[in-house]
Amino acid sequence: MVKHIILWKLKDELTETEKSSIKKAAKEGLEALVGKVPGLMECKLIIDGRLDSSNADMMLDSTLESPETLKGYAVHPDHVEVANTKIKPFTCVRTCLDYEI
C-alpha cells in the first residue's frame with residue numbers, strides 16, 4: 001500500500017470567506033474520488049482544526065493499493081478535473097510525500 005500525503009497553501013490574496021469555500025469544494029471533490037479511481041482506498045482532506053503554528057491550509061491524506069495505482073490516480077480524468085478546477089487555481093505551494101506502508 002502507498003500513502004499519498006499533500007500539503008497546500010492557499011494564495012494570500014484570497015479572503016477568508018473565499019478560502020473556506022475553496023477548502024469545502026476541494027474536500028467534496030477529492031473525497032468523492034473513492035470508488036471512482038481504481039486503487040484509491042481512502043481519501044481524506046483535512047481543512048478544519050488548523051492551529052496558528054501551521055504553515056499549510058489543507059492536507060490530503062490518502063491511501064492507494066500500490067505505486068502503480070498512484071500513477072493511475074495522478075492521470076485519472078476525475079482526479080485531474082478536481083485538481084485543475086478546485087485546487088490548482090487557488091494554491092501557491094504544494095508539498096507531497098508518497099511512501100509505502
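This is a predicted model: local features need pLDDT of at least 70, side-chain atom pairs count only at pLDDT 80 or more; totals for chains, interfaces and linings use all residues.

I wanted to know why, so I went through the cysteines.

C43: I looked for the closest cysteine sulfur and found it in C96, 13 Å away, which is too far for a bond. My cut-off for a disulfide is two cysteine sulfur atoms within 2.5 Å. I also checked the cover on C43, and this residue is buried, at 10% relative accessible area.

C92: C96 again holds the closest cysteine sulfur, but at 17 Å, so that is too far for a bond as well. C92 is partly exposed, with a relative accessible area of 46%.

Next, the fold. I counted three helices and four strands in the protein chain. Going along the sequence, I read the order as β-α-β-β-α-α-β. I then compared the radius of gyration, 13 Å, with the globule rule, which gives 13 Å for 101 residues, so the chain is as compact as a globular protein of that length. For the box around the C-alpha atoms I noted roughly 40 × 25 × 20 Å along the principal axes.

Contacts: I took those between residues at least 6 apart in sequence, and 70% of them join residues at least 24 apart.

Burial and surface: 38% of the 101 residues are buried.

Last, charges. I have 14 positive and 17 negative ones down for the protein chain, and their mean positions lie 2 Å apart.

Technical notes
Residues are numbered from 1 along each chain as its sequence is written. Side-chain values use heavy atoms; hydrogens and water are left out. Helices (H or I, at least four residues) and strands (E, at least two) are DSSP runs, numbered from the N terminus. The radius of gyration is taken over C-alpha atoms; the globule rule is 2.2 Å times the number of residues to the power 0.38. Buried means under 20% relative accessible area, exposed over 50%, partly exposed in between (1.4 Å probe, protein chains only). Contact means heavy atoms within 4.5 Å. Lys and Arg count as positive and Asp and Glu as negative; His and the chain ends are not counted. The place of a charge is taken as NZ of Lys, CZ of Arg, CG of Asp or CD of Glu.
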